[in-house]
Amino acid sequence: MSRHQELDVGLVVAGHGRHYIVETPEGRRLTCHPRGKKSDCVVGDRVRWMPTAAGGDEGVIEHVEPRRNLLFRQDEWKTKSFAANLDQILVLVAARPVFSESQLARALIASEQAGIPARIVLNKADLPEIDEARGRLAPYAAMGTEVVELALKARPDESRAVLAPLLAQLATLVLGPSGTGKSTLINLLVPDAGAQVGEISQALNSGRHTTTTTQWYWLDAARTTGLIDSPGFQEFGLRHLEPAELAGLMPDIRAASTGCRFYNCTHLHEPGCGVLAGVQAGTISASRHRIYAEIHAELARSRF
């Protein structure tokens with residue numbers, strides 16, 4: 001048995017700076033700090049920890065267990081990891097306000113690259129704008145991404161009944177820009193969410209409401225179904241991708257690229273390109289190809 005295997009195991013349920021909330025298998029939560037200067041834990045990590053000399057509700061994280069998957073987010077300067085060991089991602093958009101297709105596409109590319117299944121949840125299905133939103137999501141449904149329509153505020157019981165079996169016994173990350181109903185969804189499924197946020201805020205001594213932090217909630221007393229909320233709509237870290245990898249992470253582009261004349265086709269201007277032929281024929285939406293070109297250019301730039 002290695003030295004780490006003799007230590008207690010825990011789940012990282014929130015973090016702020018170098019402070020993490022670690023939950024033990026019995027459900028006890030304590031504040032832990034990583035050993036040394038490096039702080040590379042994220043919500044969803046399984047860690048090995050030991051109590052501090054002072055004891056009480058504090059500990060030291062000695063080791064992060066190997067991860068099944070890892071998602072990255074991007075800020076202006078660097079790529080940071082922010083959630084691990086996920087079973088699925090729910091990307092929440094709404095009939096109103098109009099959602100950014102570019103943000104949606106980036107979230108799906110990030111989940112595809114990490115090997116995490118993703119669903120799109122289209123909220124506010126009771127609003128008149130639903131038809132337009134449905135139309136904008138048609139290319140995603142056509143390429144095999146499931147789109148679930150809900151009216152979280154107008155039809156809460158029905159929404160809960162639809163979501164419960166999709167989430168059962170899984171760790172699900174919920175993403176969505178403000179105004180889409182993410183708080184409504186979390187409050188619908190986690191009745192004491194506000195109290196949990198306050199508790200974690202206090203434990204992390206952040207002195208403010210911890211909406212700046214990614215947070216894990218349990219939906220059931222047995223703690224088998226986890227919901228992870230991430231603040232805002234993360235700008236996904238895609239800069240670690242090579243430009244040539246991008247087409248393989250967009251199912252509609254990937255499928256059409258099998259018809260390209262050149263093996264190293266960029267799908268931007270080459271003759272005999274299956275993707276450009278698909279755009280021309282209307283089997284690939286112009287907006288999807290525009291997003292592909294935009295991200296491809298960013299990735300090419302970030303190589304210099």
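## Helix 2 and its kink

Helix 2 has a kink of about 40 degrees at R136, shortly before the proline P139. The bend at a residue is the angle between axes fitted to the seven residues ending there and the seven starting there. Helices (H or I, at least four residues) and strands (E, at least two) are DSSP runs, numbered from the N terminus. This is a predicted model: local features need pLDDT of at least 70, side-chain atom pairs count only at pLDDT 80 or more, and totals for chains, interfaces and linings use all residues. Residues are numbered from 1 along each chain as its sequence is written, and side-chain values use heavy atoms, leaving out hydrogens and water.

## What helix 2 packs against

I130, A133, L137 and Y140 are the buried residues of helix 2 (buried: under 20% relative accessible area, exposed: over 50%, partly exposed in between; 1.4 Å probe, protein chains only). They pack against several elements, among them helix 1 (101–114), strand 9 (118–123) and helix 8.

## R288 in helix 8

R288 belongs to helix 8 (residues 286–301) and is buried, at 2% relative accessible area. Leaving aside residues up to four places away in sequence, R288 touches E101, A105, P139, Y140, M143, M250, P251 and D252, where contact means heavy atoms within 4.5 Å.
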